[in-house]
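Dear colleague,

I am passing on to you the structure shown below. Please look through it first, and then read the notes that follow.

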Amino acid sequence: MLRNHKLSKVFSATAISLFLSSTAFADTTVRMMHIETDPNVLGVWEEIAKDFEAKNPDIKVNLEFLENEAFKAKLPTLLQSQQKPDLFYSWGGGNFQVRAESGLLEDMEATQQLLIKNSLLRA
């Protein structure tokens with residue numbers, strides 16, 4: 001249960017940051033791309049998405065699965081397009097660092113500090 005709570009906070013913090021950095025419109029859709037196939041993990045993500053949508057009725061969360069190799073091939077192109085996902089699964093290391101250094105990722109530090117200040121991420 002503690003894990004679900006932490007995942008919920010991370011998901012909520014990330015989703016909130018999307019809307020702090022841009023204007024949220026009615027019927028906004030948040031896209032999360034992933035490679036997860038474990039039904040237990042997917043169940044947790046679906047529960048978090050459902051809870052988030054209940055608290056934010058103008059926001060829809062789409063969990064979009066891509067097979068591992070297709071994900072690796074498609075993500076770099078998507079990140080440079082107007083169709084980039086709002087959230088996505090990532091491996092640590094080289095590719096993540098290259099994407100961050102090239103400006104394809106949003107720095108979450110300021111948003112995280114704001115959320116902590118507003119008691120949204122307290123453990």
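Two aromatic rings, of Phe, Tyr or Trp, count as a pair if their centres lie within 6.5 Å. In this model, which is a predicted one, a search of the whole structure finds 1 such aromatic pair. The ring centres of phenylalanine 71 and tyrosine 89 are 6.5 Å apart and the ring planes stand at 75°, so the pair is edge-to-face. Because phenylalanine 71 belongs to helix H3 (residues 68–79) and tyrosine 89 to the loop between strand S3 (87–88) and helix H4 (94–101), the pair ties together parts that are 18 residues apart in sequence. Phenylalanine 71 is buried, its relative accessible area being 0%, whereas tyrosine 89 is partly exposed, at 28%.

The nonpolar cores come next. The largest has 10 residues, including Val30, Trp45, Phe52, Ile59 and Leu87. Strand S1 (28–34), helix H2 (39–55) and strand S2 (59–65) each give two or more residues to this core, and H2 gives the most, with 5 residues. Another core, of 7 residues, lies apart from the largest one; among its members are Ile35, Leu66, Leu79 and Phe71, the phenylalanine of the aromatic pair.

Finally, I would draw your attention to arginine 99, which is placed in helix H4.

With kind regards

Terms used. Residues numbered from 1 in each chain as written. Predicted model: local features only at pLDDT ≥ 70, side-chain atom pairs only at ≥ 80, totals over all residues. Heavy atoms only, no water. Core = buried A, V, L, I, M, F, W, Y, C linked by side-chain atoms within 4.5 Å. Buried < 20%, exposed > 50% of the residue type's maximum accessible area, 1.4 Å probe, protein only. Helix = DSSP H or I, 4+ residues; strand = E, 2+ residues; numbered from the N terminus. Phe/Tyr/Trp six-rings, centres within 6.5 Å; stacked < 30°, edge-to-face > 60°.
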